[in-house]
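Hello,

I am passing a structure over to you today, and I hope you enjoy looking through it. Please open it first, and then read my notes below.

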Amino acid sequence: MSRLAIILLLSLAVFEISAKLQNVTVKGIAVCNKRRVANAHIVLIDKDTLDPNDELAQIHTNKEGEFELFGEEDEIGKIEPYIRIHHNCNTQPGCERVSEYQIPQEKIGEVYDMTYVTLDIIVHGEKTKCN
Ligand SMILES: *[C@@H]1O[C@H](CO)[C@@H](O)[C@H](O)[C@H]1NC(C)=O
């Protein structure tokens, strides 16, 4: 075998070993002004260094403000999931806020229960969109 073929085979083997299927479950209850927020759009995303960010799952909160999302992905190294919530807590009419929440690394492969997600609180880096 040529040296190149050996190198290719070795790198494939390394990929096989280090890419593994990882999952996370995130749940919680969205609240605004101490009230549960129905129909907020929640997206579970994996922050990827190579690809554009991958959307793993999405859902709308139910009328009790509850949500539960499960996502899984094959990746080399640890996945870095976060959720993005589209909502209109304390916005002007016609506007929406987009708030993102990181999922702690130790919750990968487990359930991350955020309990109450207080949307009144402005999170770092959030955006407001108005049409
Ligand atoms: C999620 O990942 C954990 C840890 O790797 C594993 O034990 C569990 O079976 C997975 N759950 C599902 C539903 O795939």
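This is a predicted model: local features need pLDDT of at least 70, side-chain atom pairs count only at pLDDT 80 or more; totals for chains, interfaces and linings use all residues.

Residues are numbered from 1 along each chain as its sequence is written, and side-chain values use heavy atoms, with hydrogens and water left out.

The protein has 1 helix and 9 strands; helices (H or I, at least four residues) and strands (E, at least two) are DSSP runs, numbered from the N terminus. Along the sequence the pattern is α-β-β-β-β-β-β-β-β-β. The C-alpha trace spans about 65 × 30 × 20 Å along its principal axes. Its radius of gyration is 19 Å, whereas a compact globule of 131 residues would have one near 14 Å. That radius is taken over C-alpha atoms, and the globule rule is 2.2 Å times the number of residues to the power 0.38.

Now to the sheet. 5 strands form an open, antiparallel sheet in the order S4-S3-S6-S7-S9; two strands pair if DSSP finds at least two bridges between them. Strands S4 (54-60) and S9 (127-130) are at the edges with a single partner strand each, so one side of each has no neighbour in the sheet. From one strand to the next, the twist averages 20 degrees (axes are lines fitted to C-alpha atoms, and angles run from 0 to 180 degrees between N-to-C directions).

The pairings look like this:

- S3 (residues 41-46) and S6 (residues 81-87) are antiparallel over 6 bridges, and Ile42 stands opposite Ile85 in S6.
- S6 and S7 (residues 95-102) run antiparallel, joined by 6 bridges, with His87 opposite Arg97 in S7.
- S7 and S9 run antiparallel with 4 bridges, and Val98 faces Lys127 in S9.

Finally, which residues are around the ligand? They are Asn23, Phe70, Glu72 and Gly109, where near means a heavy atom within 4 Å. A polar side-chain atom of Asn23 lies 2.4 Å from an oxygen atom of the ligand; a polar contact is a pair of N or O atoms within 3.5 Å. The protein covers 32% of the 360 Å² of accessible area that the ligand has on its own, by the Shrake-Rupley method with a 1.4 Å probe.

Best wishes

Notes. A polar contact is a pair of N or O atoms within 3.5 Å; within protein, one must be able to donate a hydrogen and the other to accept it, and residues adjacent in sequence count only if both atoms are side-chain atoms.
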